[in-house]
Protein chains: 2
Amino acid sequence: VLSWDGTAYAGWQRQPGPPTVQSLLLRETRRLCGPDVRVVGASRTDAGVHALRQTVSVQTTSGLAPEVLLRALNASLPRDIRVIGACEAGTGFDARRCARGKRYAYLIDNGPVATPLLERYAWHIRRPLDIATMRDGLAALRGRHDFSAFRAAAGREAPPVCTVRALHVFPRKQRVIILVSADRYLHHMVRTIVGSAVDIGQGRRPAAWLGDVLRARDRTLAGMTAPARGLFLVRVVN
Amino acid sequence: VLSWDGTAYAGWQRQPGPPTVQSLLLRETRRLCGPDVRVVGASRTDAGVHALRQTVSVQTTSGLAPEVLLRALNASLPRDIRVIGACEAGTGFDARRCARGKRYAYLIDNGPVATPLLERYAWHIRRPLDIATMRDGLAALRGRHDFSAFRAAAGREAPPVCTVRALHVFPRKQRVIILVSADRYLHHMVRTIVGSAVDIGQGRRPAAWLGDVLRARDRTLAGMTAPARGLFLVRVVN
């Protein structure tokens, strides 16, 4: 189980170019366990997104105990990436295939002036959001739907149908947290839902608009993609 | 009233060399109000220390309304420094002389593995701290005492006597917050108290040791100075 501050990383997924969490983890695991290592993450988070608990399966023929691997990795990984737990998994465990769902949280800093200590971890929205209206609008997204309207680019993932099990808005002083739990997600789905919810919360759109957007299945109708820095992978549900 | 993330700054106080919060604020205030500006902060926080609410008096002959100054400063200051409130003060108000006390909080990340999202904002102590013993030991510091044992260098401030009005330890899951409220502070006083409290919490010293150190008035007997990144100026009491 990994936790990281995503500010410095181009997301989870290994790719050429800027460092990603998977590429650093793979490099260090190979150094410790040899070249025949497979590293699979349950969630492919975007650049700049943070993770509280990402489940990762590491497949290796090395005999290193999980606790030893945890300590060795934490000694060599940068301090903004930490292995927070490690255990032996059953044969055939694969973090991605075994994930039954994921929970994400989005943090909005909703005071008149941005909080400097949340600069890396929240989206600052100056005008107070209308929480009740946001809740009304978001209710339409609960359940099993085609979420094409909330994905980054058409045709990148196969089926656009996801089941949103929970979708909550928690105001807390001058902060607002939006929690989403779903079986799977389309690219940028949480951030587009948040951007659209903010349109409602600021009165630019009525509450019923979110359901209309969902049914139209047209990305151009939804709101902006909220910035990555406010998004946290909370946990993977197995 | 200012709030900042201290990670990038050499503290509050203006000085030659690396940027400080006062020097940036003074530069921007002069740009807006002309050269005859005086900027005084209630607390002189150290390099790397954060502030939730620092009271600052700005003296100027410019007729700018406080709200206008707030917006203009926030437009030009770096995003890790924010003016979170501004109002007209009575003639002769001086943030330092008018401060009757200050509150500080120190955050300890006390889980087996450091939380990456607290990397900039907490001191990671791996072994669980014994909160009850820390509370016992810290009780000796409440009240009016000579705090020479907890200051950075002898003779730098005039009188070493301070009144500690409150000193609390709050555990919360795998985090520990130490709250201090005093009329004034010696250099590094909170961080040396925290370093010493951690010695007690880890069982390296008995609870009664903290009172002995206080009475001996000898800095070499106290614990280490806790890292600046865990310290927050919470507010100034006027």
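I count a residue as buried when its relative accessible area is under 20%. I keep that cut-off at hand, and I note that this is a predicted model.

**Entry: Asp94(A) and Arg38(A)**

I looked up Asp94(A) first. Its relative accessibility is 5%, under the 20% limit, so I call Asp94(A) buried. Its side chain meets that of Arg38(A) in a salt bridge, 3.6 Å from N to O. I then checked where the two partners sit. Arg38(A) belongs to strand 2 (residues 38–41) of chain A, while Asp94(A) is in the loop between strand 5 (81–83) and strand 6 (101–109), so the pair ties together parts that are 56 residues apart in sequence. Arg38(A) has 43% relative accessibility and counts as partly exposed.

**Entry: helix 1**

Next I turned to Arg31(A) and Glu28(A). Their side chains form a salt bridge at 2.8 Å, N to O. Both lie in helix 1 (residues 21–33) of chain A, three residues apart, which means about one helical turn separates them. Glu28(A) is buried, at 6%. I also found a network of salt bridges here: it links Arg27(A), Glu28(A) and Arg31(A).

**Entry: Arg204(A) and Asp199(A)**

I looked up one more pair. The side chains of Arg204(A) and Asp199(A) meet in a salt bridge of 2.6 Å, N to O. Asp199(A) has a relative accessible area of 11%, so I note Asp199(A) as buried.

**Entry: the count**

How many salt bridges are there over all chains? I wrote down 22.

Methods:
Residues numbered from 1 in each chain as written. Chains lettered and ligands numbered in written order. Predicted model: local features only at pLDDT ≥ 70, side-chain atom pairs only at ≥ 80, totals over all residues. Heavy atoms only, no water. Salt bridge = Lys/Arg side-chain N within 4 Å of Asp/Glu carboxyl O. Helix = DSSP H or I, 4+ residues; strand = E, 2+ residues; numbered from the N terminus. Buried < 20%, exposed > 50% of the residue type's maximum accessible area, 1.4 Å probe, protein only.
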